[in-house]
Structures are given as structure tokens and as C-alpha cells.
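Here is a short report on a structure and its aromatic rings. Keep the sequence and the 3D view at hand as you read.

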Amino acid sequence: MSSSDIFDVLNIKKAKPQPATVEPSHSSSPRPPVTGIQRELYNLLGTNQPPIALSSKSNEQSRFKEKLQANGKVVPWTNAPFKPNDYVVLNHWIRGSSLNASNDNTKSTDKLEKLDHNKTEQELPPSKFKQFNVHPTLPEFTEIEYNDFMSDIILPSEISKADNKPNDEIITTNKDIKESGSGLEAGDNQKAESANEGSKTPNDSDKDHKAKNDTWTYEETLQLFHLCRQYDMKWFIIFDRYEDNGKTRTLEDLKSQFYKVSKAYFHKKDPKNPLLTSLDFRKDKEIERKNYLQRLLARSAAEIAEEEALIIESRKFEVAAKRTLNEREALLRLLDSPHSEQSVSRYLTSQGMSQLYTSLLSDKSRKRKHPSSNSIPENPWMKQQQQFAQQRQQLQQQHHQQQQQQLQQRIQQQENEQKSQNIKQELSVKPNDSIPSIPSTSKKTKKQKQEEQQAQKKKSESARLEQLLSKFSEEERTALGVIVHEKKLNAGVYLRSTRIPSFKPALQNKVNLMMQELGLPMRPTMVTKRVMERQEHLLKQIANLADLKKHYDKLEAEVEVRK
Amino acid sequence: MAPPHNKRIKTLSVSRPFIYGNTAKKIGSIRPPNAPPEHTHIWKLFIKGLNNDDISYFIKKVVVKLHDTYPNPIRTLETPPFEITETGWGEFEINIKIYFIDSSNEKFLNFYHHLRLHPYKTPNQIASTEEASTATTTTENSNNATTKDEGKNDNSKKQDDDIVSSVIYDEIIFNEPNETFLNVLLSKPGNYLPSNSEEINEKNIVNGTIFSKQLESDEIDRINLRIDTVEKEINELKEKIKERLASK
């Protein structure tokens, strides 16, 4: 069934925009034939094609691939020559140069092979990247200058001293220098020197060898500076290229000589230059550093593992020491603070816990607000109410009296009236008494008000209690087993013997043992209130003792370890 | 809001001492008619007030659960005296549930009593338990120093007539009872302890008359003595620790 069928059934004429439907069908004609449920779904779509085509993944990919933007102009790329430095010409591909330019370039490259270097260099425009090719400018000096400024600082170097025969590489470097055109003067000097060297005898005694390693000739220095210039102070390359002529020179030797000479040179030029200190080079430190590094890198895997383990161990020790210290402090603090005499057992239930929590919270806040006074503020309204109650009682009594008196003697009524007047006076006076205290209440915070309410409630409760128990004396009360507690209790019934405090298993064992030593049972015979109070206190003290012992042992062990 | 008489009275607690325990005797020549042949002892479990005081004014019933091997192991004792006599051959834990009168609105109290049938060999032999050993010291300290290990939570002893007893003193505490129940409780001086112990003998133990103020203060003295020793030790240790810390 297709959508057209539905249209037929519903008697709807086929939608007008025929061309609109044609176009998408035209565009979607190349899509692969759909089968199964998909085809049925397509059929249901009819003319109301959704904006997003339902199609398989592979189809989607081909559909949404971006079409090639062919209308852009083709950009030519040319293999253009460029001059990275003065004595070489290289080619690289450049984008977007014009046909002419490229032609010119190709021509020039054609020519290049035929023409000599100088000509090419002139023809070529300077490379764009030339500005980034920066070399450090190193001082240049003649032998006389060198001797001059070096003599200022150190002993005059023995230039005349014989050196090893210059070998081929020095000559090649000289050639290079000549070619580069930079430091021509130095190059010339070196040439002259190398000529001089050539005349010297190459044989040197081993005795002198060590001394020679420390002393630098002008030529050697010059060679070093050339290498520095040539390789942009890349010391490893310099060290590699440096021809030490039989002298063993380390990388540090080279560096130190370079900085020494540079410093001497600039010192001569301007002794007050603030940058002079930056030319200090501590050879021994550098060697030390390298040795350290070498040792660090030369460690075996086992050594590394051991080291890490040791570090972890030391950390553990530190943490443990800190914790024990804290614990000890806490314990000592605890021991100095007064003990609570009450049983913990009533806080063991969840209800008890929440009660304790709230009470602690309120305690805290109270402390913060009244650091000095712990007492609950008296509620003036309560006072007043009590006063009123008393007065009411008095009134009632008097009424009673009045009635009796009325029966007896009507004459005395006057007196009674006087009495009631007195009471009225009292009434009128008493509110005045309480007035000054009222403003203070209005200032009190919400928290305090709550406390007041609680206190009021408590008082009303205790008042009721008193009323209930008023007929019993103290002795009678103990005989009745009635006790009025200060705090709210967990309502319910229990056996007193079940409220013997208990501890954590490890501690409980210690306490049990201690009790055995003391010759007391864990459960007293007479589990009366008084006995239980003492028992609880004893157990608490025993627990304290056990705790203290533990810490003392720890301390002892620590001292032992430190010894 | 609940009616006022059902409101719990805050911060008030009422205690009621009572004793529970059992006596046991070997079955002699007179064997109860329905006792199985393997039963060797006849025992009696009881829950009662001190000095046979009435406790039924606040206790509705006592439900006792015996060992499963007994026929109808759950026995309900609806009326005083709350006691049950049975025969048996072995000791076991008896589960006791005390239900209070309806107006109390309290849950039942649940605890166990170890039925004791066999006496300890000799009172001085610290044979079975810690309690036994401490029981001995107890009597030595108390005025009624006898060789019998009495006055302890597990009063068990062998007498000439072979009666073994295990009587335990405990107190039921009603925290914040409601007003009606309080009035019920206050109707009798249930917490009254006799000032002096009566002579320790089987009858008095079973009656609970040995539990007295005198015994109480003896026990308090004993505990106080131990508290002193422990506190002394604590102070010594404290000093030691302080020294150590200072020397470090």
C-alpha cells in the first residue's frame, strides 16, 4: 500500500506541485534500490518527503560529501631557487608566482648551472626566510689584541709555543671561512698561524702535555671562535668538529675558554658593562652537574626501584610520626579535660546519636554566643506566668475563705474587699516589675528564643513533674525508684544490666582482662543506679588506662628506634 | 494529639528491682509421673520481686521460651507467681519476655537466663568462669564472709540437700513512662531495698532478700577501691609520658 492508495481512499486529489515532486525524484534517482521494510516506508512517504532523507549509511556518505569547487582559479606552483646564504643556491616550491616570474626563475635556474656563483647571487631576490637566519655576532680580534686583553686577566698565553702539525681538516675549515667571506681577517690570521705552525716541530714531550691542555694558543682560540661562529654556538657540534691537535680538550674546556676570552675581550672594551657577569662560566660546576646527570642516568632498574621504595617508606614514616604526635596530643588533652560521668550507651542507637548531635550543635552555638555563661537565660514571661498562677491561687483561696466567711460572718466582707484590693494592687504593680526585662528579650536572636521556648517547655514539664511528685518526699522517691533526670531520655523500658558500657573488641578484651586482674566481674551483682555509676566510671578509667598504656608503649618504641 | 494521660513524662525514669533465676534438684525417688526417663533434674524458673514483693501490678504476663526439645516450648505465665517447674537433663538458655500492663504502652522486655542444674565442684576452685572466681572474692570482702559463693550474679552452689540455684538481680528501668503508668508504678514503693542483708541461705537467695542496701554499698566500696588503683596507675603513666615528651 502506498500513499497514493491512502489518498484514493480518503478521496484526496493528488497534490498540485507536481514539478516539486519531480525534481527530488530526479535527484534521488541514482540512489540504489531499497528493499524490504525500507521500501514500504518509502512508499508511505508519498509526496510529503521529509527534509532529511532516510537512507543507509553508505548512501548518506556519498550524498553529503562536499562537491569539488571547480570554479576557483588554478594556482600555479613554481620550483624557485633561493639563496639561504652567500655561497649556495637551493630550490624550493613557491605557491602562486606568475607565469612570467616562474619562467624567469626557470630560466635563471637553467642559467645557474652555467653561471658562476656571484652572478646568481646578484640575480636572485633575497629569500623571505633570510630574516630568520640570524647568527650570533662573536667578537673578532687579532693576535695582538688577543694578547693584550688576555694579559689583563691571566698570564700571557704562550703563543710561540709549539703546536701539533695542522692537519687537513684545519685547512678545510680555513677554506670554508674564506668561502663564507665572513671573518676574512681572522681567516687570514689563521692561515698565517697555521703556516707558522707548520714550521714547528710536531714532537712534544708527555710532560708538557698536561700543561698544554690548560694553556690555549691564539690559534686554538681562533679556531674555537670560528667554529662557534660557524655552528651558531651549538657546542656539541663544535666539540665534534674541533681539532684538538693531540691535546685532549673536553666540551667544558672549550666552553670555559670561549667564555674566558669573551669576558676578557668585553672587559677590555668596557669594564663597567653590566652584562659581563653573564659571561661567567664555572667549569667545575658544569662538570659536577654532568657527573650527577651521568650517575642519575646510569642507575639500574633495581636501583631506581629501591630508591622509589625508600622514598615511599620515608613518606610513610613521616605520616605515621605526625599521626602519633597528633594522637598523643589529643589523648593528653582528653586526660586533662573533665570526664563525663554519663553512660555512652544511650547514644548508641541512631535516635540517641541524632540527639547527641543536636545537643552538641546547640552547645557549640551557645558557646560561641555566650562564651562566659552556660546557663539558660530565664524567661521573663515564664516568671510572670508563675506569678499570675500564684496570684490566681491566692485569689481562689481567698474566694474560698470568702465563701466560708460569708456563711459565718457577713460583716467581715469589708475586710475581704480590702484584701482583694490589695491583690489588685499587687497585680498592678507586678507587671511593672517585669517591664524592664522585656526589651532585652526582643533583642535576643532566634536561637535564643528557641532556647527560651525549650526552657519554658522544660520548666512547664518539670513543673508538672513536681506537681506529680509533690506528694512524695525524697526518701519515698528513692523507694519508688523515681528519678528526675536533667536531660531528655530515650523513652522505653530496659534492664539496667544491659547498659553496662562496652568498647571496641580489642579494647574490650583489655578491659575484661583488667577487670579480672582487679577481681571484679563485668556485671555487678547489685545493678542499682549507684553501683552502675561507679562501674561505668571504673570501666571508663580502665579504658583510659589501656589507651594511655598503648601510647606509652609507642613512645617507648619510638625512643628505642631513635637510639 | 494524644490524650494527656498517655503523654510520656519527660526526663523521668522509674526503676523496679526484681530477681530472676532458677533452682534445680536431682530427681530423687519420687519421680514426677510424666517425666521422661532421661530427665535427671527437676528445676524451677521464677521471675519475682525482691522479698517476694508483688510485681504483677505492672507486669501483665511473662512468656518463657524453653529449649526446642520440650513439648510446647513457649510457655505463657499470665498470673503470679511467674514461675515454671519442669524436668530436664541439660542446661540451656531460657528466653524470657516480660510484657507490661496495657496502659504502660511499653514494649516487652527480652532477656536470657542460663538454666543452671549443676553445681560447681567446690566454691574455692576457680573452675568454670570468671564470674565464679570473682564471686569468691566478693564474699571474702563482704561482711557475710562465708565459704559459699553467694551474693553474686550467678549464685550457684551446692548444698547438702543438693539444691542448685542461680539467682540474678536486675532492675527494670522505665524511661519516661506515661502518666497513667507512672501512677500505677507510684502506687507501690517497688524500689525499696532492705537495708541489711539477711543471712545467706537458700531460702533468702531464692526470695531475693539478700539483695540489700548493705550489699549495694559493699559493692560500691569495692568498685571505688579499684577506681582508686586504676586512677593511680593513670596518673603514673601520665607523668611518665610527660617526662618522655619533655626529654625528647
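## Chain A and the aromatic rings

Chain A has 23 helices and four strands. Helices (H or I, at least four residues) and strands (E, at least two) are DSSP runs, numbered from the N terminus. This is a predicted model: local features need pLDDT of at least 70, side-chain atom pairs count only at pLDDT 80 or more, and totals for chains, interfaces and linings use all residues. Residues are numbered from 1 along each chain as its sequence is written, chains are lettered from A and ligands numbered from 1 in the order in which they are written, and side-chain values use heavy atoms, without hydrogens and water.

Of the 563 residues of chain A, 29% count as buried. Buried means under 20% relative accessible area, exposed over 50%, partly exposed in between (1.4 Å probe, protein chains only).

Now the rings. Over all chains, the structure holds 24 aromatic pairs. Rings of Phe, Tyr and Trp (its six-membered ring) pair if their centres lie within 6.5 Å; planes under 30 degrees apart count as stacked, over 60 as edge-to-face and the rest as tilted. Two of the pairs are set out here.

| Pair | Centre to centre | Angle between planes | Type |
|---|---|---|---|
| A:Tyr265 and A:Phe266 | 5.2 Å | 85° | edge-to-face |
| B:Trp43 and B:Tyr70 | 6.2 Å | 85° | edge-to-face |

B:Trp43 lies in strand β2 (residues 41–48) of chain B and B:Tyr70 in the loop between β3 (59–65) and β4 (74–77) of chain B, so the pair ties together parts 27 residues apart in sequence. Both B:Trp43 and B:Tyr70 are buried. A:Tyr265 is buried too, at 15% relative accessible area. A:Phe266 is partly exposed, at 28%.
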